[in-house]
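Q: I have a model open in my viewer and would like to learn how to read it. Could you take me through it feature by feature?

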Amino acid sequence: MLSPAVSLPKEQRLLLRMFSRLDAPRRASLQAFAEFLCQQQEQEEQGMAASAAPKPRTPVDIPRPEEESVVAAMRRLSKTFPMIDRDALLDRAASLMTAHMLQGQPAAQVIDELEALFAEQYQNYLNRSPHS
């Protein structure tokens, strides 16, 4: 009997192999990044970017916990700023997560930088909005 992975396309099998080689924190980062990309795609599919001049939305007030992982911060900030275009965040957010996971940059410092990045993108969102 064949395992379920055998029937998967080659690219999915490769991703599963890479995932299985990662330690737990890196797996969590990969999952958070995948969730981020899925949210971005869903936003595009729903046509949020194409809707006619929506009124600016205010951020959702989700306080930062005392102890928070970088992955949890990404989730929190994505929920706090659902109106932000994910494409604008993608490269910088990925490099910040990499700096933490691979280069050992402290989580609190990376989270501070992520918060600044999201705030900057929110300001850009407001500046582009005809209702601001």
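Q: In which kind of crossing does α3 pass α4?
A: Happy to start there, and please keep in mind that this is a predicted model. Helix α3 passes α4 in a right-handed crossing.

Q: Which values describe how α3 and α4 pack?
A: Two packed helices are described by the angle between their axes and the distance between the axes. Here helix α3, residues 70-80, and helix α4, residues 86-103, pack at an angle of about 165°. Their axes are 11 Å apart.

Q: Are α3 and α4 roughly parallel or roughly antiparallel?
A: An angle over 145 degrees counts as roughly antiparallel. That is why α3 and α4 are described as roughly antiparallel to each other.

Q: How do α3 and α5 pack?
A: The angle between α3 and α5 is about 20°, and their axes lie 10 Å apart. Angles under 35 degrees count as roughly parallel, so α3 and α5 are roughly parallel to each other. The crossing of this pair is right-handed.

Q: Let me step back to the whole chain. How many helices and strands are there?
A: The chain has five helices and zero strands. Read along the sequence, that gives the pattern α-α-α-α-α.

Q: What share of the residues in the chain is buried?
A: To count as buried, a residue must have under 20% relative accessible area. Of the 132 residues in the chain, 27% are buried.

Q: On to charges. How many salt bridges does the count come to?
A: The rule looks for a side-chain nitrogen of Lys or Arg within 4 Å of a carboxyl oxygen of Asp or Glu. The count comes to six salt bridges.

Q: Which side chain meets E68 in a salt bridge?
A: That is R76, with an N to O distance of 2.7 Å. Both E68 and R76 are buried. For R76 the relative accessibility is 7%, so R76 falls in the buried class.

Q: What is the distance between the closest N and O atoms of R76 and E115?
A: In that salt bridge they are 2.8 Å apart. The pair links distant parts of the chain, with R76 in helix α3 and E115 in helix α5 (residues 107-128), 39 residues apart. E115 has a relative accessible area of 24%, so E115 is partly exposed.

Q: Which residue forms a salt bridge with E113?
A: R92 does, and the closest N and O atoms are 3.1 Å apart. E113 lies in helix α5 and R92 in helix α4, so this pair ties together parts that are 21 residues apart in sequence. Both are partly exposed: E113 at 25% relative accessibility, and R92 with a relative accessible area of 39%.

Q: Which residues do salt bridges that share partners join into one network?
A: R64, E68, R76, D112 and E115 are joined in this way.

Q: Last, the surface. Which residues make the nonpolar surface patch?
A: Look for L14, L15, M18 and L30, which make a patch of about 320 Å². Helix α1, residues 10-21, gives the most to the patch, with three residues.

Q: Where is M18, and what is its relative accessible area?
A: M18 is in helix α1. Its relative accessible area is 38%. Patch residues need over 30%, whereas exposed means over 50%, so M18 is described as partly exposed.

Definitions and conventions:
Residues are numbered from 1 along each chain as its sequence is written. This is a predicted model: local features need pLDDT of at least 70, side-chain atom pairs count only at pLDDT 80 or more; totals for chains, interfaces and linings use all residues. Side-chain values use heavy atoms; hydrogens and water are left out. Patches are made of residues with over 30% relative accessible area and no salt bridge: like charges are joined within 9 Å, nonpolar side chains (Val, Leu, Ile, Met, Phe, Trp, Tyr) within 5 Å. Accessible areas come from the Shrake-Rupley method with a 1.4 Å probe; for residues, only the protein chains shown count as cover. Helices (H or I, at least four residues) and strands (E, at least two) are DSSP runs, numbered from the N terminus. Buried means under 20% relative accessible area, exposed over 50%, partly exposed in between (1.4 Å probe, protein chains only). Axes are lines fitted to C-alpha atoms, for helices over the stretch in contact, and angles run from 0 to 180 degrees between N-to-C directions. Angles under 35 degrees count as roughly parallel, over 145 as roughly antiparallel, 65 to 115 as roughly perpendicular and the rest as oblique. A crossing is left-handed if the near helix is turned anticlockwise from the far one by less than a right angle, and right-handed if clockwise.
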